[in-house]
Amino acid sequence: MRTLMFLILIVLLILPVAARAEKMLVAVIDLEAKGVSKIVSSAVTDIIRSEMVKTGLFTVVERSQMSEILKEQGFQMTGCTDQSCAVQLGKLLSAQKILVGEINRVGQALMITVRIVDVEKGSSDFAANEKSPTEDDVDKAAMAITKSLAENIVQGNQDYFTPKKTAGGYYTRALFPGWAQFYTDHDTKGYVYMGSFMLATGFAAFTYLNYADAAKAYDAVPGGADQSEFDKKFKAKKDAAGMFVGAAGIMGAVFLVNWIDVLLFSKPDSSNKTAFGGQHNYVAFNAGYLLHDPRPEKAMRVSCGIRF
């Protein structure tokens, strides 16, 4: 029984992590240096990598992690700038998007060109370039091109970044307090309900184990023992049982309040029959992102349709 309780607690600790959507995995290959030093191209690559992380929308493969994986596979990343090589590299890294490109010197100016390669499709989705007047301004150009690339990835993968919310997904998640609130972007309430339920469950598990020990101690009292010993052990068992019932009641109360919130207060915005994409949608609400410094912001796009 102790092992079962331990496993339940482990699941409760893991589930909040699973409740959050997994970010798209992106890898950035070192830009090919043409007319510039390797130091400059590496610096620009690192800026792009860092800016992709700052958007908060992607998981970016670190340079050291990339080198380690490719070393184990015997793959040489040097000179990997064409599309087929990028796709092969992306598959080895389990990445969904690969950023490849080059940095050229044009007189005193530097031109940064980067392409987004979709690993699954094996094709280039988008290309962007940014010009830097001098090497001193190359960081600004790298930030600008990263913003353009990130926006394109999001806009070209709306289903990934803003998955359609369904009634089934919403109510199924409500089985674990807080998860449905996260699903509808009520994060504060999600943390409150999920944290309260986890604490209540942990307390209930503790009180049950305490009751089990008290019951075992009561059963172990020898038949010839004094009545006072029986009474003492019985009282300890009764108190432990009462505490367990109280803890279970707290769990039930949190679960009940969570469902009241789910049914009445935490449904998606404009929670009418069209909120979950019903058959008579005349107004659709789609979440999206506006990418700008220092952090992206969620935005709501409203589209109207008239059925004749």
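Trainee: Where is F265 found?
Mentor: We're looking at a predicted model: local features need pLDDT of at least 70, side-chain atom pairs count only at pLDDT 80 or more, and totals for chains, interfaces and linings use all residues. Residues are numbered from 1 along each chain as its sequence is written, and side-chain values use heavy atoms, leaving out hydrogens and water. Helices (H or I, at least four residues) and strands (E, at least two) are DSSP runs numbered from the N terminus. F265 sits in the loop between α10 (227-264) and β7 (283-290).

Trainee: Is F265 buried or exposed?
Mentor: Buried means under 20% relative accessible area, exposed over 50%, and partly exposed in between (1.4 Å probe, protein chains only). F265 has 55% relative accessibility, so F265 counts as exposed.

Trainee: What about S94, buried or exposed?
Mentor: S94 is in the loop between α4 (83-93) and β4 (97-106). Its phi is near 60 degrees, a positive value in a residue other than glycine. Because its relative accessibility is 56%, S94 counts as exposed.

Trainee: D185 isn't a glycine either, so what is its phi?
Mentor: D185 lies in the loop between α8 (179-183) and α9 (187-219). With a relative accessible area of 38%, D185 is partly exposed. Its phi is positive, at about 65 degrees.

Trainee: How far apart are the end C-alpha atoms of α2?
Mentor: Helix α2 covers residues 38-54, which makes 17 residues. The expected span is 1.5 Å times one less than the number of residues. That gives 24 Å, and the model agrees, because the end C-alpha atoms are 24 Å apart.

Trainee: Which residues of α2 are buried?
Mentor: Here's a handy rule: an α-helix has 3.6 residues a turn, so residues three or four places apart point the same way. For α2, the buried ones are V40, S41, S42, V44, T45, I48, R49, E51 and M52.

Trainee: Which residues is I48 in contact with?
Mentor: Contact means heavy atoms within 4.5 Å. Leaving aside neighbours within four places in sequence, I48 is in contact with V28, L31, L99, V114, A142, I145 and T146.
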